[in-house]
Amino acid sequence: MSKATYSKSPDSKTLFFFLFFAIFLPFFNLDAKKTINSCNNKEAPKLTIVLIVDQLAHHHIKKLKPYLRYGIKDLFSHGVVYSNAYHPHGVPETTPGHHAFSTGALPKDHGAVTNQWLDAECHKIAYDLDTSKEAAVLSNLECPENGKSCHNTMVDGLSDQFIWRSIETIPNKVFSISLKSYPAIAMANRLGKAIWFDEKKGIFTSSKKYFEQVPDWIDQFNKGVVLQELKKRRWQLAYPENHKAYDFPYIKNYDYAGLPFSLINKTLVTEEPKDAPLLSKSLLKSLSKPPHKYRAKYEHKTCSSYELFLKSPFSSEAVLMLAQQCIEKNFDKKHGNSMLLWLSLSNFDLAGHIYGPDCLEVVDMLYHIDKQIKNFMNFLNQFVGENKYVLVFSADHGIAPIPEIQKLKGYSRARRIVDVDLIKDVNAHLFATFGINDFVLCFEPSAFTIDQKIFTALNEHDQKAIMHNLITFLKKYPGIKNAWTCEELKQTSFKTDDLENFYKNQIYEGRFGGVICQPEPYCLISGYTKGTSHATPYDYDTHVPLIVYRKEHLPAHIITQRVWIPQVCVTLAKMLTIPKPSISTFDHLPGLWK
């Protein structure tokens, strides 16, 4: 019988991290003494769940709410609804979005600025990549250099605080489950247990940073009937095809989608089917940017058998079914231990990038997720008790419409700017003006990396002149609203909700390019010629649903006051009667305490 211990000996970096916060924590949290070891407070929930639907924008809910008749409807009907919840990010991506929930801090403080950032030579650095042997992925031990951990998160998080405040005889537990590795790791922090789906092996896995080996309950789920049956399913619509739930313009327009065909009525695990070569070719084209000297050095992308499964409703069902098993095997109702469970449904994001928010696949997936959440809540009500848990429902970011579709809707200024074309134009202008070739090396939303060797070789006067000229050129470029150097942004004061401030919140030394640009609304700067993304501070990318649900404890009502997603972390800390993460400067959400 395999054995998975809940704690393991930390490496030297982790030990230093813990010693630092153990010494200085009281200075960061002056009220810590009032809350230490008070998790047995009768008002503190024993089970806390944070359910994040990756890429679920507020505009999705506004459009589809009449047809959300199951779990999401229950949350809106019986929870505390924050109708103006925002991520304060200029580049709202999965990694900073999930860190907002788990650390209560901004990217400039926690360091996880984007899913990946570029070094000075334009090599991509993935947030969760850890090449140490101690971080080897349990389903890929033969390649320890591709390990995963949260070593790039520079602060403690709610998961850490929750474990630190355990009672020795009844330890608190934290689990974080996602389809993608990086959101699971972002939420688990250092002391929680991160679990994600291995898209090459078709199983849930983790790394040695979290478990010595795959726990029995995960192994049983991987080999069990539930997961195997989900892989075999054919995607059928949640409602009849002629239902009003699908009566929207452009819902079957695939002209500008990353995949030129529908996934509806298809079996999506492509191990043997006759259409596997077509799917693989189309997927590789949609998932890969053509190599170019002005693009980051990406690893060669291969297509796995589970690419389409991950973009289907069945993968989120797998996460929620595994979550049930996690609760059944690890939540001890009798002895009163407390659990914090983070869940991230990544399939909505994976499909959204390819198809955009208007397409049938994305619309129907939310209807399926709605039903899945209802089933999950039914399980919680029966196994845990209707009033025995807290559930927070939200998203890590929103999504922009495909610009070509937006133009069809009548917004003539919508456009796609291909990153390589933009860099060519910038460099051609700078060469004509200064005689300098290839000054801009590459672009990763929404920042340019410049050639530091060329820049440092210039005298101070020429440095200022070329940067001023570059910024001026970008501001006049069709589809770009504004541009700054990082130093200019850092030295300028803005109001909290100014869009410029959202970009300033993203700057962490060495992890964000030297020049930042803000596209016009509905303008997308991308290396992809199809599909869409979320890389701006506009409402469609930053405005997300937020509901706090706790039956019999929190009366249902709507709060229209603008709130920030990092406040969720602080709110949960208050509910759990533990200190908030040490770097967080946010207050808790309004309307929950008198």
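**Exercises on strands, a helix pair and cores**

In strand β16, I516 stands opposite A447. The model is predicted, so local features need pLDDT of at least 70 and side-chain atom pairs count only at pLDDT 80 or more, while totals for chains, interfaces and linings use all residues. Residues are numbered from 1 along each chain as its sequence is written, and side-chain values use heavy atoms, with hydrogens and water left out.

**Exercise 1.** State which strands are joined to β16 and how its residues are placed.

Step 1. Helices (H or I, at least four residues) and strands (E, at least two) are DSSP runs, numbered from the N terminus. Two strands pair if DSSP finds at least two bridges between them.

Step 2. Strand β14 (residues 447–450) is joined to β16 by 2 bridges, and the two run antiparallel. Strand β15 (residues 480–485) is also antiparallel to β16, with 5 bridges; N482 has Q518 as its bridge partner.

Step 3. Buried means under 20% relative accessible area, exposed over 50%, and partly exposed in between (1.4 Å probe, protein chains only). V515, C517 and P519 point one way from β16, I516 and Q518 point the other way, and all are buried. With 5 of its 5 residues buried, β16 (residues 515–519) is therefore largely enclosed by the rest of the structure.

**Exercise 2.** Describe how α10 packs with α13.

Step 1. Axes are lines fitted to C-alpha atoms, for helices over the stretch in contact, and angles run from 0 to 180 degrees between N-to-C directions. Helices α10 (residues 225–232) and α13 (residues 313–330) pack at about 170°, their axes 9 Å apart.

Step 2. Angles under 35 degrees count as roughly parallel, over 145 as roughly antiparallel, 65 to 115 as roughly perpendicular and the rest as oblique. α10 is therefore roughly antiparallel to α13.

Step 3. Contact means heavy atoms within 4.5 Å. V226, L227 and L230 of α10 meet F314, E317, A318 and M321 of α13.

**Exercise 3.** Identify the residues that touch the most other members of the largest nonpolar core.

Step 1. A nonpolar core is a set of buried Ala, Val, Leu, Ile, Met, Phe, Trp, Tyr and Cys residues joined through side-chain atoms within 4.5 Å. The largest has 138 residues, and F204 and Y367 touch the most other members.

Step 2. Helix α15 (residues 360–383) gives the most to this core, with 12 residues.

Step 3. Beyond its neighbours within four places in sequence, Y367 contacts L64, Y67, L68, A238, Y239, A245, Y246 and F248.
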